[in-house]
Structures are given as C-alpha cells and as structure tokens.
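I opened this notebook to keep track of what I looked up, one topic at a time. The entries follow the order in which I went through the structure.

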Amino acid sequence: AVLGRRRASGLGAACPLPALFAEVKGRHADLTLPAFHDGLRRLHDVRALRLAPAAEMPEPEHALLTDGALMYVAER
C-alpha cells in the first residue's frame, strides 16, 4: 500500500528502503529492521514487489542482501 500511495503522489515507483521502513514503522511502532527485511524477502519471493540495488546507500544498515546482491530500493 505504501508503494502504491508513493507512486500515486508522484514520488515515483522506486522507494529507498530507509523511506519505506520509516513509513511502515510509523504505522507499526514495534517493527524491527530484521522483521522488515524478512517481510521484504517474503514479498520479493512471491513477486509482490521487486527489490533493486542503488548506486548510493546513505543508510547502508537498511540494505538487504538477497539474490546475491545488496538491495536498497523497493518497487511494485
């Protein structure tokens, strides 16, 4: 839902993981970064979203290692 709202507002389809985490954590205060990463992996595995690398990672702790690459952006 966050990615859909982001696209509809004109921010584009790609969302850096730190921004996505902040948005989701705002609605689920008890969310941890490891749990967020687990959820992203599950959504990626069922192709509900696509994870992609980024040229720059200002907050590398949010990056996620999957498919043998360091991912930093989520898209629908």
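**Entry 1, the pocket.** Before looking up a volume I noted what I would count: a pocket is an open set of grid points where a 1.4 Å probe fits, with protein on both sides within 12 Å along at least five of seven lines. I also kept in mind that the model is a predicted one. With that in hand, I found that the largest pocket holds about 300 Å³ of space. I then looked up its lining, which is made of 15 residues, and the ones that lie nearest the centre are Leu 20, Val 24, Leu 40, Leu 43 and Leu 49. The elements that give two or more residues to this lining are α1 (2-8), α2 (17-27) and α3 (33-45), and the largest share, five residues, comes from α3. Sorted by class, the lining has twelve nonpolar residues, two charged residues and one polar residue.

Next I asked which residues have the most contacts inside the largest nonpolar core. They are Leu 3, Leu 17, Leu 20, Phe 36, Leu 40, Leu 51 and Ala 74, in a core of 14 residues. The elements that give two or more residues to this core are α1, α2 and α3, with the largest share, three residues, coming from α2. I noted the general background that in soluble globular proteins nonpolar side chains tend to be buried together.

I traced an open sheet of three strands, in the order β1-β5-β2, with antiparallel pairing. Because β1 (15-16) and β2 (50-52) stand at the edges with a single partner strand each, one side of each is left without a neighbour in the sheet. Between β1 and β5 (residues 73-75), which run antiparallel, I found two bridges, and the bridge partner of Pro 16 in β5 is Val 73.

Arg 47, which is not a glycine, has a positive phi of about 60°; Arg 47 sits in the loop between α3 and β2 and is exposed, with a relative accessible area of 78%. Asp 67, also not a glycine, has a positive phi of about 55°; Asp 67 lies in the loop between β3 (64-66) and β4 (69-71) and is exposed as well, at a relative accessible area of 60%.

How far apart in space are Arg 7 and Glu 75, C-alpha to C-alpha? They are 9.4 Å apart, although 68 residues separate them in sequence. Arg 7 belongs to helix α1 and counts as partly exposed, because its relative accessibility is 44%, between the limits of 20% and 50%. Leaving aside neighbours within four places in sequence, Arg 7 is in contact with Gly 12, Ala 13 and Arg 76.

With neighbours within four places in sequence left aside, Thr 66 is in contact with His 44, Leu 51 and Met 71.

Conventions
Residues numbered from 1 in each chain as written. Predicted model: local features only at pLDDT ≥ 70, side-chain atom pairs only at ≥ 80, totals over all residues. Heavy atoms only, no water. Pairing = 2+ DSSP bridges. Helix = DSSP H or I, 4+ residues; strand = E, 2+ residues; numbered from the N terminus. 1 Å grid on protein atoms, 1.4 Å probe; cavity = no way out; pocket = protein on both sides within 12 Å on 5 of 7 lines; lining within 4 Å. Points joined across faces, edges and corners; volume = space filled by probe spheres on them. Nonpolar A, V, L, I, M, F, W, Y, C, P; charged D, E, K, R; others polar. Core = buried A, V, L, I, M, F, W, Y, C linked by side-chain atoms within 4.5 Å. Buried < 20%, exposed > 50% of the residue type's maximum accessible area, 1.4 Å probe, protein only. Contact = heavy atoms within 4.5 Å.
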